[in-house]
Amino acid sequence: MEASVVRTGTEGKTWGGGNQPLDASYGKMMMWFFITSDALTFSGFLAAYGFSRFKYADIWPIADEVFNHFPFLHGVDAPMYYVALMTFILIFSSVTMVLAVDAGHQLKKAKVTFYMFLTIIGGIIFLGSQAWEWSNFISGEYGAVTTTGGNILQFVDNEGHRVALSDFAVERSSDRVYHEENEGVWFESGVALPTYSIDQVVEGFAANEDLYVRTGVLNEEGEKTILSRRESLEKLESEGIGVVEGANLSQNEYGPPLFADFFFFITGFHGFHVLSGVIINIIIFFNVIVGTYERRGSYEMVEKVGLYWHFVDLVWVFVFTFFYLV
């Protein structure tokens with residue numbers, strides 16, 4: 001009895017993508033492959049962050065205290081408000097992208113153009129907001145003192161509110177010598193000195209009886225430990241070795257340097273994806289305007305870039321949850 005063989009017409013040939021697996025075109029399949037591989041990359045980053053957060057759980061910075069700024073509201077404590085606004089803007093841009101894709105299915109060029117424009121504006125606002133957040137994170141607001149063990153000492157008043165170094169550090173003009181250009185002293189590279197020296201901070205702290213040192217160690221209530229006045233002065237004088245203002249890849253005023261490293265790397269990597277998405281959206285936007293896809297009779301390119309944009313938005317939801325909220 002002979003077995004029947006079903007012929008596909010591709011015998012002896014390289015498979016050409018026939019039958020459309022999952023009923024998706026070649027372009028959309030490749031976009032899904034890219035999204036899958038990129039999702040694994042972000043998963044690795046977030047997993048590494050989770051392990052590090054667990055390892056340094058007792059001294060990890062509290063996000064509500066780090067990200068508590070809002071544009072044009074200097075000095076107002078607004079924990080996570082601006083990050084939440086950024087998240088809303090990015091999610092809303094995902095909604096406008098859905099509307100653009102739907103309009104493309106209906107071959108409505110004007111609506112595709114309008115919703116693509118809104119999506120691009122949302123992405124640009126998010127990138128600008130992230131740049132503003134980076135600027136505040138890098139420059140810092142309060143400053144802190146580093147110890148011999150690599151820990152951070154912050155300063156609070158008798159009500160537990162943060163106090164900036166500029167509010168109590170003693171200014172002495174004789175502490176440093178500033179060179180001018182006409183003195184023939186130039187530096188090709190180097191690390192900028194902090195505004196105050198450790199001696200200025202210690203002297204100013206000793207002169208203000210209402211100040212206390214707050215360590216990065218969390219107590220049973222999940223709050224940072226505030227030392228007594230005597231313990232504060234002893235710890236500052238015996239262990240304080242330097243002043244740090246803001247954050248960089250080697251130290252930061254918020255806590256372990258690893259916190260800043262993850263912040264720059266994870267949010268920066270995501271920001272690069274958003275920037276790439278905005279650039280691609282702009283290209284597709286102009287193609288829509290000149291009628292490229294209308295002549296093709298298909299707006300599939302809008303749908304493919306929409307998949308990428310939704311992925312970028314979804315990744316930010318996970319970054320927001322794990323980095324800012326947990």
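Visitor: At what angle do helix α7 and helix α9 pack, and how far apart are their axes?

Guide: This is a predicted model, in which local features need pLDDT of at least 70 and side-chain atom pairs count only at pLDDT 80 or more, while totals for chains, interfaces and linings use all residues. Residues are numbered from 1 along each chain as its sequence is written, and side-chain values use heavy atoms, with hydrogens and water left out. Helix α7 (residues 257-289) and helix α9 (residues 300-325) pack at an angle of about 160°, and their axes lie 10 Å apart; such axes are lines fitted to C-alpha atoms, for helices over the stretch in contact, with angles running from 0 to 180 degrees between N-to-C directions.

Visitor: What makes α7 roughly antiparallel to α9?

Guide: Angles under 35 degrees count as roughly parallel, over 145 as roughly antiparallel, 65 to 115 as roughly perpendicular and the rest as oblique. The angle is about 160°, and therefore α7 is called roughly antiparallel to α9. The crossing of α7 past α9 is left-handed, a term used if the near helix is turned anticlockwise from the far one by less than a right angle, with right-handed used if clockwise.

Visitor: How do the residues of the contact of α7 with α9 divide by class?

Guide: There are 20 nonpolar residues, six polar and no charged, where Ala, Val, Leu, Ile, Met, Phe, Trp, Tyr, Cys and Pro count as nonpolar, Asp, Glu, Lys and Arg as charged, and the others, Gly among them, as polar.

Visitor: Why are α3 and α9 called roughly antiparallel to each other?

Guide: The axes of α3 and α9 cross at roughly 160° and come within 10 Å, so the pair is classed as roughly antiparallel. Here too the crossing of α3 past α9 is left-handed, and the contact of α3 with α9 has 17 nonpolar, six polar and two charged residues.

Visitor: Which residues touch the most other members of the largest nonpolar core?

Guide: They are Phe-67, Phe-137, Val-302, Trp-316, Phe-323 and Tyr-324, out of 51 residues; a nonpolar core is a set of buried Ala, Val, Leu, Ile, Met, Phe, Trp, Tyr and Cys residues joined through side-chain atoms within 4.5 Å. At least two residues of this core come from each of α1 (26-55), α2 (63-66), α3 (81-105), α4 (109-139), α7 and α9, and α9 gives the most, with 13 residues. A second, separate core of 17 residues includes Phe-155, Ile-198, Val-201 and Leu-211.

Visitor: What does Tyr-324 touch, not counting residues up to four places away in sequence?

Guide: Tyr-324 touches Ala-63, Phe-67, Met-80, Val-83, Glu-133, Phe-263, Thr-267, Trp-316 and Val-319, where contact means heavy atoms within 4.5 Å.

Visitor: Why does Asn-281 count as buried?

Guide: Buried means under 20% relative accessible area, exposed over 50% and partly exposed in between, with a 1.4 Å probe and protein chains only. Asn-281 has 0% relative accessibility and therefore counts as buried. Asn-281 lies in helix α7 and, leaving out residues up to four places away in sequence, touches Met-97, Met-116, Thr-119, Ile-120, Val-305 and Trp-309.

Visitor: How do you know whether Ser-52 is buried or exposed?

Guide: Ser-52, placed in helix α1, counts as buried because its relative accessibility is 13%. Apart from neighbours within four places in sequence, Ser-52 is in contact with Trp-60, Leu-258 and Phe-262.

Visitor: Why is Glu-245 called partly exposed?

Guide: Glu-245 has a relative accessible area of 31%, and so is called partly exposed. Glu-245 lies in the loop between β5 (240-244) and α7, and the C-alpha atoms of Glu-245 and Ile-138, 107 residues apart along the chain, are separated by 8.3 Å.

Visitor: What is the phi of Met-80, and what is that of Leu-107?

Guide: Met-80, in the loop between α2 and α3, has a positive phi near 70° although not a glycine, and is buried because its relative accessible area is 8%. Leu-107, in the loop between α3 and α4, also has a positive phi, of about 60°, without being a glycine; with a relative accessible area of 47%, Leu-107 is partly exposed.

Notes: Helices (H or I, at least four residues) and strands (E, at least two) are DSSP runs, numbered from the N terminus.
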